[in-house]
Amino acid sequence: MKYSQLSIAELGVSIEISTFSTANGVTEWHAMLHVEPLEDTFLGQYQRMCMAEDRLLKTEMLQGAEMVFKRYFLSDSTNQQPLMQEDGSHCTISYIQQPPLDGSKVALWIHMLQGADIEYQADQTGSTIVTHNGYRHIWTMGLMDNHGDSHQQTHSLLTEYEKLLADQHATMADNCIRTWFFVRDVDTQYNGLVVARRNYFNYIGLTADTHYISSTGIGGNPSDPKALVQLGAYAVTGFKPEQQRYLYAPTHLNRTSDYGVTFERGTLMQYGDRDHVYISGTASIDNRGEVVHVGDIRKQTLRMWENVEKLLEEAGMTMEHCAQIIVYLRDTADYKLVSQMFAERFPEIPTVITLAPVCRPTWLIEMECIAVKENSNPQYADF
């Protein structure tokens, strides 16, 4: 993994970039864009970020790069998203209220590729489909429903997503690799999501005896005030079942099904020339499912890192293979310490730290990441 940074002083924007490539394969980039507030309005910050994004895409490093998806982290999604209709990107996009804790009103995560065929607006929800070497990578962001409670909305979203996959000759059980559930008022609405997801998974044959799907379920407000849940997902077709493996780290973590939650801790996807790992939202928890270091943000951060490192280790990776990190904090007062800890430990990895309460009130922090490592798996087609 190669890391670089781009600072555009006149725009007040800094960009962290990870680049992964193999000799003759697809190149992957992840970029995190951060804007200095400068006592500016949201629209001013957003416009500066757009100009910086345009500048980034014109750099020699990203020559030939095409966008796969974008995620905006907003401080007030209901009021801000309507101002962003000028975003001319054709890729799948999510807008979620998870305020960046650097004092700005907006941050941006962009995923880009070079060397594959990309189809934009591939279905009625605007999915992006990447096709290469017999694989189809389906990225779908920003699914919402605004009718009913969190249980009803989750069921509706999963049903809709299953129909979208069916149009691509895929299913959630066989092809979905990663999901994100953003939940309004997670302390009261998360249980409805948990029950609806568990029931739906049982219906489609996903149980503790088969497998679940790597996921993050975290606080976050969709732009529609009536939407209680927002779903994003990533699926792949064309792979052999043995190319996918789930990560458990049993010395440090228990199975989520032990306490009634239905997701995997992490997923390893192996291709001919590389391995991908998708680490679910991970917090300070032990292998009995208990919260560790209640009330201590420093110790919870250290234990969270340890858990993530153990999951990556199971896949033959380390944090040095991370392409990006998202950090979720419950309390804004913890930002200064946590940002300093991440800057000292992982100074180069593209990272964003947001305000987003974790699903258990005693968890003060959670993180997720994507990691990529070059490998030789000649029995499989290259990525």
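These are my notebook entries on one protein chain, examined in a predicted model.

**Entry 1: the whole chain**

I began with the overall make-up and recorded seven helices and 18 strands in the chain. I then looked up the extent of the fold: the C-alpha atoms fill a box of roughly 55 × 50 × 40 Å along the principal axes. I next asked what radius of gyration a compact globule of 383 residues would have.

I turned to strand E10, residues 176–183, and asked how many of its residues are buried. The result was eight of eight, so I describe the strand as mostly covered, buried meaning under 20% relative accessible area.

I then looked up the partners of E10. Strand E12, residues 229–237, runs antiparallel to E10 and is joined to it by seven bridges. Strand E11, residues 214–219, runs parallel to E10, with six bridges between them. Val183 takes part in both pairings: its bridge partner in E12 is Val229, and its bridge partner in E11 is Gly219. I also followed the chain from E10 to E11, which passes through helix H5, residues 186–204, in a right-handed β-α-β crossover.

As a reminder to myself, side chains in a regular strand alternate between the two faces of the sheet.

**Entry 2: the largest pocket**

I looked up the largest pocket and found about 450 Å³ of space in it. Of its 24 lining residues, Ser14, Glu16, His34, Tyr335 and Thr351 are the closest to the centre. Which elements supply at least two lining residues each? I listed strands E1 (2–8), E2 (13–20), E3 (27–35) and E17 (351–355), together with helix H7 (335–345). The largest share, four residues, comes from H7. By class, the lining has 14 nonpolar, seven polar and three charged residues.

**Entry 3: the second largest pocket**

The second largest pocket has a volume of about 330 Å³. It is lined by 20 residues, and Gln81, Ile93, Tyr95, Thr125 and Met141 lie nearest its centre. Strands E5 (92–97) and E9 (135–144) are the elements that give two or more residues to this lining. I recorded its classes as seven nonpolar, 12 polar and one charged.

**Entry 4: the cavity**

The largest cavity holds about 80 Å³. Its lining includes the histidines His30, His111, His137 and His276, and Glu28, Trp139 and Phe383 are also among the lining residues. Strands E3, E6 (106–114), E9 and E15 (274–282) each supply at least two residues of this lining. The lining divides into seven nonpolar, four polar and one charged.

I noted that E3 also contributes at least two residues to the lining of the largest pocket, and that E9 likewise gives two or more to the second largest pocket.

**Entry 5: Leu83**

My last entry concerns a loop residue. Leu83 lies between helix H2 (77–80) and E5. Is Leu83 buried, partly exposed or exposed? Its relative accessibility is 42%, so Leu83 counts as partly exposed, the class between under 20% and over 50%. Finally, I compared Leu83 with Tyr46: they are 37 residues apart in sequence, and their C-alpha atoms are 9.1 Å apart in space.

Technical notes. Residues numbered from 1 in each chain as written. Predicted model: local features only at pLDDT ≥ 70, side-chain atom pairs only at ≥ 80, totals over all residues. Heavy atoms only, no water. 1 Å grid on protein atoms, 1.4 Å probe; cavity = no way out; pocket = protein on both sides within 12 Å on 5 of 7 lines; lining within 4 Å. Points joined across faces, edges and corners; volume = space filled by probe spheres on them. Nonpolar A, V, L, I, M, F, W, Y, C, P; charged D, E, K, R; others polar. Buried < 20%, exposed > 50% of the residue type's maximum accessible area, 1.4 Å probe, protein only. Pairing = 2+ DSSP bridges. Right-handed = clockwise from strand over helix to strand, strands pointing away. Rg over C-alpha atoms; globule rule 2.2 N^0.38 Å.
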